[in-house]
Structures are given as structure tokens and as C-alpha cells.
Amino acid sequence: STVPVRTAEAIRRVLKCNDKGLKFEVLSNPEFLAEGTAVDDLESPDRVLIGGAQSPDGLKAAETLAAVYARWIPRERVLTTNLWSSELSKLVANAFLAQRVSSINSISALCESTGADVSEISRAVGMDARIGKRFLQASVGFGGSCFQKDILNLVYLCETYGLDECAEYWLQVVKMNDYQKKRFSEKMVAKMFNTVTGKKISILGYAFKKDTGDVRETPSMFVVRDLFAEGAKIHVYDPQVTREEMWSEMAYTCGISPATDALLDENVITSPDVYSACEGSHAIAVLTEWDEFKDLDYEKIYKGMAKPAFVFDGRNILDHDKLRGIGFEVHAIGKPDPNTFNDL
């Protein structure tokens, strides 16, 4: 979906070397499809971007492709640019989205320290028409194959052209995302009396977001890695992710697998259903915003857990007051802890 800037120029040079006298026009037409909503995004996109050479032949080629899209997309939503603007726009779009996630996540840390509520801040900020409400939901961090890859591509470009300050600015988005994942793991350990050794911890959700089985760069993987390193007994439930997919991504990204650490297979269990994953657990961590996690029988789950029973909501999708009423000790991203603040 994303190629390095100036890829079109490389392709143009290759095609120009053909020995048949053929002439080609190379266009850049990046896709903006999101996992889980790809068909809707294709049928009704916010925009279609077509980049081409700013020559008569290049402009004609771009208009030919634009006419194809115009069969179902209003022409005003089909944008034509030069090649380099099109290629760079895709990187920048993903970088801006990731930047918003890291921005609100940085504020979530401040909220937990001051007693503010990040959801209230997101709502207040998002009502400003200049900012908007999209991608202002604090969480354990962003994942998926695009955001980090595209930001690092942007960082590389900035460094290549000597724009070191620009490179460092965008690199900070990735650093903040890494910090948020690590902060979540460390908070779990701290709240559970500074040790999780030998304790069963239930991980609800392993995909990087709901409605997909994609585990690339998923925040859950890093939390599992950290808790495993602390000696926890981890039980993972996700409705779409297989054990093989979990190990494959962990080996590729984190460099650990049952082949490199025999204890991993023994201490990280994939559960067939959510209730068996939670039975006898000391803590639950919600790491993917699957809708089914909102409607679980938490009274039943609480009765089967070790006490005190902890819930760590990494997606802020649960009814925290209701859970506290059942008896859970609840900690969530960017939410004030009633045990710490008495003036809420």
C-alpha cells in the first residue's frame, strides 16, 4: 500500500530501457483502505489520489485513470497531483494519524498523574472543528503494519535530505508509542503489588484492532513479552488470532519463540474461550477493543478469579464503575485511580 518516495521514478527509468520503443506513463495511486472497513473505504473513499508527471502525456494518463474512478466516485474527490506529492501524501497521512494517537496517549499519562480523565479531554478537544474527534481515543498504543513503517520511512527521508530536526520530530511519535506499551506493562506489575511472578494473567484480545486477525506490531505482543519476562502465567484469548500467528509475529518482531525459549510455550497459553481464560486469574487485561468484551458476564468472571481481582482496560471500552461495584480493582488508560485521588 505504501512505497518509498520516488519509486515511480525508478520504475519509469526501468520501463524507459525497453528495446521495443514503447513509451510508458507511470502513475502513483496509493490506497487508503483500513483493515476491517476496506470494502466501504473502496466504495466511498474520502478521496482518491492520482499522481503523474506534469507533462501533456502524464496529465492525460492521470485523467484516464481518474475517469475510471469517476464511474462511482464524485470527480471532486479524485485529486490529481505530481508523482512525488502523491507518494509522500500516503506516508504523511499515516504519520498524522499515528501522531494523533501518540499525542492523546502522552496526555493519558499526564491524566493518570493529575486525576484528569482522558476521555473528557478527548471530547472537549475533539469538539473543536479545527481538530475533530477522530483518532483521539487513548489506548495501549497503535499497531498494524502501516503506521510505524511509514513513520520510519518518513524519518529516513528526512535524514537523507539532512532534515535531522524533522526526522527526530517524527521519530518521537514511535518512541511515544513504545513508551505507552511499556508503561502499561509496568503499571500492571506495580498495581499487582510489584510482582506478577507465578500469577495467572488473562489477555483479552491479541489482534492490533477489532474486526481483524492481523497481529503485526500489535501492542498485545509487547505486553505479553513484558509480563512473560516478569514470570507471569499468561492466558490469551482472541476470537480470530491463532497460536501459530501469535508465535510467528513474536518471533519476527521480538526475536523470541518457543524455539528460543522453551518456557514461552509453557507459560503463554491460548484459551478456547474467554471464560476459561479468566478462570483462576489474578488480573484481566483488555488489549483489543472487540465488542464481545463489553458484554461479558463479569460477575461470573469475578467469582472465579483470585482476589483481589484486577482489570486493566487498555482500550477504555468497559464500564469501570460497574466493575468496581462487582468488586474489581480497575485501572484504565488515562483514567484517575479512585484509590489515589479522593477529590474526583
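Student: Is L42 buried, partly exposed or exposed?

Tutor: Buried means under 20% relative accessible area, exposed over 50%, and partly exposed in between (1.4 Å probe, protein chains only). L42 has a relative accessible area of 47%, so it is partly exposed. This is a predicted model, in which local features need pLDDT of at least 70 and side-chain atom pairs count only at pLDDT 80 or more, while totals for chains, interfaces and linings use all residues. Residues are numbered from 1 along each chain as its sequence is written, and side-chain values use heavy atoms, with hydrogens and water left out.

Student: Where is L42 found?

Tutor: Helices (H or I, at least four residues) and strands (E, at least two) are DSSP runs, numbered from the N terminus. L42 lies in helix α2, residues 38–43.

Student: How is α8 placed, enclosed or open?

Tutor: Nine of the eleven residues of α8 are buried, so the helix is largely enclosed by the rest of the structure. Among them are P219, F222 and L227. Contact means heavy atoms within 4.5 Å. The buried residues of α8 pack against α7, α9 (243–254) and α10 (262–267), and also against the strands β3 (200–204), β4 (233–237) and β5 (268–270). Just after α8, G231 takes a positive phi of about 90°.

Student: Which residues does L227 contact, apart from its neighbours within four places in sequence?

Tutor: L227 belongs to helix α8, residues 219–229, and is buried because its relative accessibility is 0%. Leaving aside neighbours within four places in sequence, its contacts are S185, M188, V189, V196, I201, I203, A232 and I234.

Student: What does the side chain of K187 make a polar contact with?

Tutor: A polar contact is a pair of N or O atoms within 3.5 Å; within protein, one must be able to donate a hydrogen and the other to accept it, and residues adjacent in sequence count only if both atoms are side-chain atoms. K187, in helix α7 (residues 164–191), makes such a contact with the side chain of E112, at 3.0 Å. Not counting residues up to four places away in sequence, K187 touches F312, H331 and A332 as well as E112.

Student: How many disulfides does the structure hold?

Tutor: A disulfide is a pair of cysteine sulfur atoms within 2.5 Å. The structure holds zero. For C146, the closest cysteine sulfur is in C158, 19 Å away, which is too far for a bond. C146 is partly exposed, at 23% relative accessible area, whereas C111 counts as buried at 2% relative accessibility.
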